[in-house]
Amino acid sequence: MQPDALIETARRLDALGFMPSKSGNVSQRLGGGFRITPSGLPYAALTGDALVDVALDGTVLAGERRPSSEWRLHAEIYAARPEVQAIVHTHSPRATALSCARRGLPPFHYMIALAGGDDIRCSAYATFGTQALAEAAVVALAGRRACLLANHGVVALGTTLAAAETLAREVENLAAEYLDLLGAGLAPVLLTPGEMVAVTAQFDGYGRLT
Ligand SMILES: [Zn+2]
C-alpha cells in the first residue's frame with residue numbers, strides 16, 4: 001500500500017478542478033477495510049499521516065483525523081465489489097452538471113465501454129454522506145466501474161488506483177463531449193449493442209479494461 005499515491009491522486013484531481021471546496025475523496029482497499037483521504041483538509045495540505053484507515057463498519061483503525069464524510073460510499077462499494085481495489089469520488093464540473101439533470105451517459109462514444117458496459121448510469125438521489133447514497137451508488141454501479149451520483153458528482157472504481165483515476169478523468173471528458181453535443185442542439189447517434197460488444201473486444205485485445 002502506498003499512501004503517497006493516494007495523496008498524489010487527490011492533488012492531481014484537485015488541480016484539475018475536480019474537487020471544488022475540498023469535495024471529493026480517494027481511497028484504496030487495505031486489509032479488511034480501506035485507507036481514505038480525511039474530512040475537511042485542503043488537498044494541498046495533505047500529508048501521509050492525515051490519511052485514515054477505516055474498517056468497513058466505519059471503525060477508525062489508524063489515523064488522527066476523521067475519515068471523509070463519504071466513507072460509507074467507499075465502504076459499501078468495497079463490500080459489494082470484491083474486485084475493486086480503489087475508488088475515486090469527484091465533483092468534476094461537467095459530469096456533475098449532467099448529474100443535476102439526473103441523466104447518465106448513453107453509448108454516444110465508444111469510450112463509454114471503459115466503464116464496463118453500454119452506458120454510465122446516474123444513481124437515484126440521496127443526501128451526501130448517507131448510507132442511502134452509498135446503496136444508491138452500488139445499484140447504479142451494477143456491472144459498471146463508474147456512475148454519476150444524482151445532483152452530486154462521480155464515482156469511479158478500479159482494480160488499481162491509476163485505473164480509477166483514469167476512469168474518473170474519462171467520465172468528465174465524456175460528459176463534456178455529451179453536453180457540448182446537446183448544447184449544440186445535435187442529437188447523438190448512439191452506438192448499437194453490437195458495436196459496443198466490438199469495442200469491448202477491441203479493448204480486451206490490448207488489455208485496456210481493468
Ligand atoms: Zn461528494
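Modeller: D53 is buried, with a relative accessibility of 10%; buried means under 20% relative accessible area, exposed over 50%, and partly exposed in between (1.4 Å probe, protein chains only). The model is predicted, so local features need pLDDT of at least 70 and side-chain atom pairs 80 or more, whereas totals for chains, interfaces and linings use all residues. Residues are numbered from 1 along each chain as its sequence is written, and side-chain values use heavy atoms, without hydrogens or water.

The partner of D53 is R35: their side chains meet in a salt bridge, with N and O 2.6 Å apart (a side-chain nitrogen of Lys or Arg within 4 Å of a carboxyl oxygen of Asp or Glu). This pair links distant parts of the chain, since R35 belongs to strand β2 (residues 33-36) and D53 to strand β3 (residues 52-55), 18 residues apart. Helices (H or I, at least four residues) and strands (E, at least two) are DSSP runs, numbered from the N terminus. R35 is also buried, at 17% relative accessibility.

The bridge between R35 and D53 belongs to a set of six salt bridges found in a search of the whole structure. Another of them joins D180 to R94, whose closest N and O atoms are 3.2 Å apart. Because D180 lies in helix α5 (residues 161-183) and R94 in helix α3, this pair ties together parts 86 residues apart in sequence. D180 is partly exposed at 47% relative accessibility, and R94 is likewise partly exposed, at 30%.

A further salt bridge is formed by R144 and D119, with 2.8 Å between the closest N and O atoms. Here too distant parts of the chain are linked: R144 sits in the loop between α4 (131-140) and β6, and D119 in the loop between α3 and α4, 25 residues apart. R144 is buried, with a relative accessible area of 12%, while D119 is partly exposed at 24%. Salt bridges that share partners also join R12, E165 and R169 into one network.

H91 is partly exposed at 22% relative accessibility, whereas H152 is buried at 9%.

Disulfides provide no such link, as the structure holds zero of them (a pair of cysteine sulfur atoms within 2.5 Å). C122 is in no disulfide, and the nearest cysteine sulfur, that of C147, is 7.7 Å away. Because of this distance of 7.7 Å, the sulfur of C147 is too far from that of C122, its closest cysteine sulfur, for a bond. C122 is buried, with a relative accessible area of 19%, and C147 is buried at 0% relative accessibility.
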